[in-house]
Amino acid sequence: MTHPYAIAALKTVTLALGLVITYYSVQAYRRTDAEPLAALALGFGIITMGAFTAGILDWFAPVSRDLALVVESAFTALGFAAIFYALFVDRSG
């Protein structure tokens, strides 16, 4: 079994890096007003929120770790969908 403090430490690193990446993505969007950068920021924000939500569920809510993993996976899938959109959105419009 994985040590819960190792998981908490990795979730904390993920949250910190996700917040920094999301912040700089938002700043890039504000500077350029480019729609793909807004979608990119949204995607990273969703993935970061998923890691945070799963961590909260795992530590403080009376739910199984499996549910926390499903929630995190759903957020990750949605975030990657937004990032995928950012890569292929029409920039000529």
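Ala, Val, Leu, Ile, Met, Phe, Trp, Tyr, Cys and Pro count as nonpolar, Asp, Glu, Lys and Arg as charged, and the others, Gly among them, as polar. By this scheme, the lining of the largest pocket divides into 7 nonpolar, 2 polar and 1 charged residues. The model is predicted: local features need pLDDT of at least 70, side-chain atom pairs count only at pLDDT 80 or more, and totals for chains, interfaces and linings use all residues. Residues are numbered from 1 along each chain as its sequence is written, and side-chain values use heavy atoms, with hydrogens and water left out.

A pocket is an open set of points on a 1 Å grid over the protein atoms alone, where a 1.4 Å probe fits, with protein on both sides within 12 Å along at least five of seven lines; lining residues have an atom within 4 Å of a point. The largest pocket has a volume of about 160 Å³, taken as the space filled by probe spheres set on the points. Its lining includes Lys11, Thr12, Gly55 and Trp59. Helix 2 (35–60) and helix 1 (4–32) each supply at least two lining residues; helices are DSSP runs (H or I, at least four residues), numbered from the N terminus. Helix 2 gives the most, with 6 residues.

The whole structure holds 3 aromatic pairs (ring centres within 6.5 Å; planes under 30 degrees apart are stacked, over 60 edge-to-face, the rest tilted; Trp by its six-membered ring). Tyr5 and Trp59 form a tilted pair, because their ring centres lie 5.8 Å apart and their planes meet at 40°. Tyr5 lies in helix 1 and Trp59 in helix 2, so this pair ties together parts 54 residues apart in sequence. Tyr5 is exposed, at 58% relative accessible area; Trp59 is partly exposed, at 39% (buried is under 20%, exposed over 50%, partly exposed in between; 1.4 Å probe, protein chains only).
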